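Please walk through the following structure in the order of the paragraphs below.

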Amino acid sequence: MKAVWSWLLELCDLSNVPTVEEGARALTAGGLEVESLVDLGAGFGGVVVAEVVGKRPHPESNKLTLVDVITARGGAATQVVCGAPNVPEPGRKVLWAPPGATLPGGMTLAVKAVKGVESPGMLCSETELEIGDDPSGIIVLDADDGTPLGARAQQALGVADWVLDVNAPANRGDCLGHLGLARELCALLGGRLVPPAPEPDLEALAADLDAAALADVTIGDPEGCPRYVARVIDGLTVRRSPRRFAQRLRAVGVRPISNLVDVTNYVLFELGQPLHAFDWHHVRGARGSRDATRGGVNAGGLYPGRGDGNVPCVIDVRRARAGERMTTLDGQERTLVPDDLLICDGERPVALAGVMGGSDSEVSATTSRVLLESASFQPRSIRRTARRLGLPSEASQRFERGVDPELAPLAAARAAVLLARLGGGRIARGQVDVYPRSPIRPIVPLRLSRIRSLIGADLHPGECEAALLRLGCEVVPDGEGHWKVTPPSARADLGREVDLIEDILRVHGYGNVPATLPALRVGPAQLVDDVADRARRALAGAGLAEAITFGFQSRDRAAALGLATDGSDRRAHPVALRNPMSAEQAVMRTSLLPNLLAAVARNASYGIADVALFEVGAVFLRAAGQALDGEPTALCDEPLHAAAVLAGARPRWLGAPQPWDVFDVKGVLEALTRALGAGELRTVAASDIPYLHPGVAARVHDADGRVIGELGEVHPAVRERLGVEGPVFMFDVALGALPAAAPARMRSIPRFPASARDVSLLLDDPIPAARVRDVISAASQDLVETVRLAEEYRDAARLGAGKKSMLWSISYRAADRTLTDAEVDAAHEAIVARLVAETPAERR
Amino acid sequence: MPTTSTDLIAQLERLGGEFAAAIAPLADEQSIRAAQAQYLGKKGQVSDVMKELGRLPPAERPLVGQAANKVKDTIALAVEERLGALAAGRRAADLARAVDLTLPGRPVGGGHLHLLTQVRLELVEIFAEIGFAVAEGPQVETDWHTFEALAIPKDHPARDMQDTFYVADEIVLRTHTSPVQLRTRQTHTPPRRIVAPGVVYRRDDDATHSPMFTQIEGLVVDEGVRVSDLKGVLLHFVNRFYARLTGGAGLDVRLRPSYFPFVEPGVEIDMSCGFCRGAGCRLCKGSGWIEIGGAGMVDPDVFAQVGIDSERYTGFAFGMGIERMAMLRHGVNDIKYYYEGDLRFLDQF
Ligand SMILES: [Zn+2]
């Protein structure tokens, strides 16, 4: 909400008038953040008010005029050359930019010859000062303008002023008008609110007409429209608004249009009450009534007026009927739904309540009699309609946040007076006020003890009471340290004790609250397992950099893994966003891998080919029992995963690059499970994982045989889809599925030496190392301490095709003695015998 | 042929004299030891001479024996000297090595945590110091936990403040981590003191806003919790987190009234600008204050939703963006860098 400083001050009686900076600071500290402060008159300087004392044609040009101006009564006249067609007669005031004055855009004026006549500076137009777009020529002040000669032009133009851009909190609809902000200033700085008082003028400007006889208002939907106030103003002439009046509208961001429209906007910004001006002649009476059938003087027109000044027009506030249509004043035909609240005349909708008027009944250049609407509407209804039709407006924004029904009569009266003044009209006597259920104002009990205990400061009861009074509350003492408080009707947000305490605190100032620490009484300790962070630390320790990527991704990226879509893999059925911001963020990720592969590609595009990245985070799977497509009806499973990718080569030192291979990534996985104390994981070769190379792929099993992840080389087709050129090795494990680690127990440090024995085996190539290890552990005896594969090679010439050689090193140790060679040999030979028989293998 | 003690002694002395010359060309311990065995071993030359000893009259034998011992000593000494000389030569050769230590170090490790993780862990630690435990919750949340139960019904204007990603009518991507508080309040009775760091989503995208970002939210619920306690906790936080930035100069916290539907009173949190010490700079837009989050006292209506007696218990909640904290402290100038896996960025931290 933009507010004009002078406008605010008009509505306040402050004990000490603050500077605009002080005012802005006070509002900000009070929770009405002033986001910017703009000096309206900063665009030009040195331009002054001057009076024309003589004029004659330029000798060389009939388009130019030589104008004599003075800037002090009785001072010497200066002759200025002026090219405008509207140079006024002597006695009127203009704005003169003498040499040295600056104009918007940075131009500095000097003495300059115009067609042979020297001109010291120039007389200014609205366009030149960038304060308007009046095309008629130079600015001529109104005949009765009281700005003294020689004064700054800003003063005459109403731009010796500031605009404050105030960010009002969502629950403070009352601060979307100058009156509400002025109330805050008074509360925060100490002062008295001075609302406009149109009553005396209403009397002075009264017409010999009766509003009740000119408008017949019914509210068909009191929930949608709690109050409807109407006034009628007659004998109006449509014209431009006075310059300073229009200037205020410009300052708050509204383009002045005509006096009738400008007044409704002016009052909206002044009081926060949106108004609508109908052309009374185009609001029809009751169907079947005299005027409705006759058509009157405009019978040939599309919307014949009534032509009879004395038959009441009809206003009915009701919900739309399904399929009902109307044309709004932007010329668009709108199809309505039963949720829309309408203002109808005797025959048809004439406005979308609180959102936009209809084109048939809007005021025009020929309007002479205005039906002024000052109503309050239900926020939710306005919000829905404005949203659905994409029609946010200054009015709908205010109704959406709630407009005080008590404000309607004041706004109607204020606007009526301004209309009569600016349009030269008269105001019909009285107002039509339909207010079926005036709400009961809440009386809120307030305790001093609660104020003190919630804030943590010993506020004085007198201070609390004063703050409430300054905010416009009625305060009645109710025993020692107790009050009964009636908040002002404008403050619908003050309904509970805690709301009042907040306002007392705002006035007291948060800066005056001490800083304390809450007494330490801790409940149950850590609520989450820190497995994610332990995993992150382990993976970073293993030499990988952590990435954090978006939880959503494009459909293409999600589909790049080529997962089975036959329902066997939940990962192939991501949950989609209804309203993504872009196609890049369409579905929730079901795997960490696509984003990591995309990061590999991205880095490669920057010339970084060697990448070791990991991510630990949630993936989003449809919950068990949920349909695999469409919108879910239950929350997702969000298992925590850890995934790593290695691409390119190891960190390099001087020599040739050493490309990563799959055992690097397996080593990282082993480091991770070691760090998490998750026990031995097993990898089982699997050629059916669609996104992995069929020959370099495995499932990762925990000790109980459950699958917890996948490991291998990314399938070339998959990485190509994601723009990755070289091999990428990866693993992806579900951290939540890892067995929980019990605290590690110390084993005794061995006191006796170990003995190692090697065995060299010749096996068929397809037999995996795990098979040998399994046989050893099945044959295992207490004496076996470690089993290590020391060497593996193939050599068709020496070993035969389809064969491989493995050298296993087994270490034997007893806890209580040094083993003899004979004991070790016996144990070793027993294992070897089983290896030969069961693996099967030949001993080499 | 008769043998005299003089002959034998002469033979022994000759052997002793010969040995040093014999091993002089030898450059390894093994051949030196072999040479030593050739002279002193059971079948060595000294033994050969001593075999003649029996032919001498007993009276002369000690003299020859003494000579033999002397030769053995001489040979042992020669071995020792030769080995010593060799060792000294090797050491000298070793010490003659010189390495170009301006060559780069061989890379070790090289892995690291994401800046946001580092900051989050630090935050959790700072709050742990004053008794906060960590809580978590789902990212895809119910509308009820995200809005309704936090006093933000469907048509509430506050839903504009955080434009929401929807998955279904009643399922959203959480727009704040407040649902976590609600979930812990549902399952845990006061006293409660938690921080909930986590990823949240809002439909917003520019240099300082990302559709996904990380919040840390704190909650204290107990008897007698006051606005002043909120201020104290925030003061602790800013002074720990930004301490290295300000060189130890104390930072101040300013609470500005604001509106969040689930707290009352609600405040914006500003900290005094540690970059310019209040003089005004680009980061604080000249104001001397930097906005770092929102906070407030838990609204009694929200307590009612989870069955906590708001007359007995009060509490406060605060929420801050972790990206923004890291941007301020580390000069990150575009929020998008955090999520792209770009090593040119990641490797800087
Ligand atoms: Zn600063």
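A salt bridge is counted here when a side-chain nitrogen of Lys or Arg lies within 4 Å of a carboxyl oxygen of Asp or Glu. By that rule, there are 7 salt bridges between chain A and chain B. One of them joins the side chains of Asp169(B) and Arg578(A), at 2.8 Å from N to O. The model is a predicted one, in which local features need pLDDT of at least 70 and side-chain atom pairs count only at pLDDT 80 or more, while totals for chains, interfaces and linings use all residues. Residues are numbered from 1 along each chain as its sequence is written, chains are lettered from A and ligands numbered from 1 in the order in which they are written, and side-chain values use heavy atoms, with hydrogens and water left out.

Between chain A and chain B there are also 33 residue pairs in polar contact, both residues being at pLDDT 80 or more. A polar contact is a pair of N or O atoms within 3.5 Å; within protein, one must be able to donate a hydrogen and the other to accept it, and residues adjacent in sequence count only if both atoms are side-chain atoms. Several elements of chain A each supply at least two residues to the side that touches chain B, among them helix H2 (20–29), helix H16 (497–508) and strand S32 (611–618). H16(A) gives the most to that side, with 5 residues. Helices (H or I, at least four residues) and strands (E, at least two) are DSSP runs, numbered from the N terminus.

With contact meaning heavy atoms within 4.5 Å, chain A contributes 87 residues and chain B contributes 92 residues. The area buried between the two chains is about 7,500 Å², and carbon and sulfur atoms give 60% of this. Buried area is the accessible area (1.4 Å probe) that two parts lose on being put together, summed over both.

Within chain A, consider helix H12 (residues 394–401), where Ala395(A), Ser396(A), Arg398(A), Phe399(A) and Glu400(A) are buried. Buried means under 20% relative accessible area, exposed over 50%, and partly exposed in between (1.4 Å probe, protein chains only). The buried residues of H12(A) pack against helix H9 (259–271), strand S23 (370–376) and H11 of chain A. After H12(A) comes Gly402(A), with a positive phi near 95°.

Glu400(A) also forms a salt bridge with Arg387(A), the closest N and O atoms being 3.5 Å apart. Arg387(A) lies in helix H11 of chain A and Glu400(A) in helix H12 of chain A, so the pair ties together parts that are 13 residues apart in sequence. Arg387(A) is partly exposed at 44% relative accessible area, whereas Glu400(A), at 13%, counts as buried.

In chain B, the side chains of Arg97(B) and Asp94(B) meet in a salt bridge of 2.9 Å, N to O. Arg97(B) is exposed at 58% relative accessibility, and Asp94(B) is partly exposed at 36%. Over all chains, the structure holds 88 salt bridges.

Which residues coordinate the zinc ion? The SG atoms of Cys273(B), Cys276(B), Cys281(B) and Cys284(B) do so, at 2.2 to 2.3 Å. Donors are N, O and S atoms within 2.8 Å of the metal (3.2 Å for Na, K and Ca); water is not among the atoms, so sites may look incomplete. Along the chain, the donors follow the spacing C-x2-C-x4-C-x2-C. Both Cys273(B) and Cys276(B) are buried.
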